[in-house]
Amino acid sequence: MWFIQQLLLVFVFFLFLGKYLKIIWKARSLPPGPSPFPIIGNLMTLCFNMYPETLSKVSKLYGNIYTVWIGETPVIVLHGYKAVKNAIVSHSEELSGRPVSNLMKDMSNGKGIVVSNGHIWKQQRRFSLMTLRNLGLGKHGLESRIQEESQGLVEVLATQNGKPIDVSNFIVHSVANVISAVVFGHRFSIDDPTFLKLVAANQEIIDSLGSKWATLYDAFPWLMKHLPGPHQKVFKNREYLGDFVNNEVRIHQQNESPEEPDDIIYHYLAQIKKTKGDPDSTFDMVNLTQTVADLFTAGTETTAMSLQWAILFMLAYPDIQEKIHKELDEVLHDSSAITYEDRKRLPYTNAVIHEIQRFGNIASVGVLRRSIKDIILDGYLIKKNTNILPNLDSVLHDPQYWKAPYKFNPEHFLDKDGNFKSNEAFIPFSAGHRICLGEQLARFELVIFFITLMRTFRFQLPEGVTEVNTKYIAKATLQPHPYKVCVVQRGDLRYL
Ligand code: HEM
């Protein structure tokens, strides 16, 4: 017995030693970074997640390109605008991959857009971008849908009569209805229980993806797959979303396709028909479900969260809210619906919208990429199939590009004469070949929703509340702490 125990100890010792040497061997040509432990890598140093502050601290020690280990997998982190740009813009094609083994991948089997790679990704992405364009983003189709939803939101908020409310669900339902119109071709009543369940499932997916469990899953997929825990819920929610999409697809198939299809599902079904028999085609029912699910998931929480930050910042900075009201009152004389073009005559408001995105930074540290070829980054040879994190948080707070990176300051986007001024380090949608596919839609939504809300309402703190918590909760997105607000009417309700 004693002998077996000794043997086991020796075995464990050599197992750890072997794992350690393997990491050291792999690390020899990689950028520097905190010393990894066998098996868990730097998970302890990182507090089991890629938090913006932790990565910022690591970069102070190791520079703008460094390595952290998620379990036994190295991730090269790029810090600051120059390092990120030099990687994902200058090596856009080489860094256009997504990591293969992670929770997101297991949710979608490498189909759709967000975590697919190679030929599937290229075809699904190109098709979705083209269809979004055909559906009229930038012209009038989608813009009027956003206007209708923002008008609906205004009406619902007005019925609350200025009492303290949590606006998050109202916002998320309106934004989810914009993307529903795009993908399913129709909106849902906000009392529809299946829609409410869909939105809730979607929210839980995003929350799970940014949890410590997700990091553990990424580090040890072979183990976590079989262990119970909150990460298992993500698969159930994904299944619900998939079933929901499939049901919509069935309804589309039963109906006759309209002459001018006006949603992604009709366009996709037509594409499957068109490319039938083409061995090169990746347009099939599985990719259809995943592409629609990807657009719904990526397009709901992100925009909704940005608008929740927007209202919170209005509470935190009432002087800025005042200035916006003044500009809107001076410039918007008629009562027609807000358009995306309006931002051009509202430089201060436009600057605030940009600052909300910069400071709110909902995409946190961004999404992992993978090199699809060997490349040289900052003198280091980065081998094909290496995971790379272009840390977006570090770009949106890069002191070389922002005067007061950790202050909410619309002046970041204004010149000395009060004109709107862009900033090259403003990349909340990332950059390169994998840049957010919904960037234009999101920009339209933020401008139209925000200005419509600001024109109609004043956002006030509930009586007795004097402090606003602008710290974030780090999940897959950076979310504000739940808050209550009094939405007080200041303008007409009807513009459409
Ligand atoms: C304020 C709103 C939004 C922000 C800040 C945002 C940000 C991002 C970021 C940072 C990425 C990762 C890019 C990378 O790999 O480096 C991304 C990817 C993506 N986003 Fe957005 N997004 C927003 C809204 C939307 C909307 C409305 C849609 C839906 C149409 C959408 C669809 C996507 C898709 C499909 C991807 C994956 C692209 C790919 O892998 O090729 N996003 N987004």
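Angles between axes under 35 degrees count as roughly parallel, over 145 as roughly antiparallel, 65 to 115 as roughly perpendicular and the rest as oblique. This is a predicted model: local features need pLDDT of at least 70, side-chain atom pairs count only at pLDDT 80 or more, and totals for chains, interfaces and linings use all residues. Residues are numbered from 1 along each chain as its sequence is written.

The axes of H14 (residues 318-331) and H15 (residues 347-360) cross at roughly 140° and come within 8 Å. H14 and H15 are therefore oblique to each other. On the H14 side, the contact is made by Ile 320, Lys 323, Ile 324, Glu 327 and Leu 328; H15 supplies Tyr 348, Thr 349 and Val 352. Contact requires C-beta atoms, placed from the backbone, within 7 Å. Five of these residues are nonpolar, one is polar and two are charged.

## Ala 181

Ala 181 sits in helix H7 (residues 168-183). Ala 181 is buried because 21 other C-beta atoms lie within 10 Å. The cut-offs are 20 or more for buried, 12 or fewer for exposed, and partly exposed in between, with C-beta atoms placed from the backbone.

Beyond neighbours within four places in sequence, Ala 181 contacts Arg 145, His 186 and Arg 187. Its C-alpha atom is 9.6 Å from that of Ile 146, 35 residues apart along the chain.

## The whole chain

The chain has 17 helices and 11 strands. These are DSSP runs, numbered from the N terminus: helices (H or I) of at least four residues, strands (E) of at least two. Buried residues make up 47% of the 496 residues.

Note on methods
Two residues are in contact if their C-beta atoms, placed from the backbone, lie within 7 Å. Axes are lines fitted to C-alpha atoms, for helices over the stretch in contact, and angles run from 0 to 180 degrees between N-to-C directions. Ala, Val, Leu, Ile, Met, Phe, Trp, Tyr, Cys and Pro count as nonpolar, Asp, Glu, Lys and Arg as charged, and the others, Gly among them, as polar.
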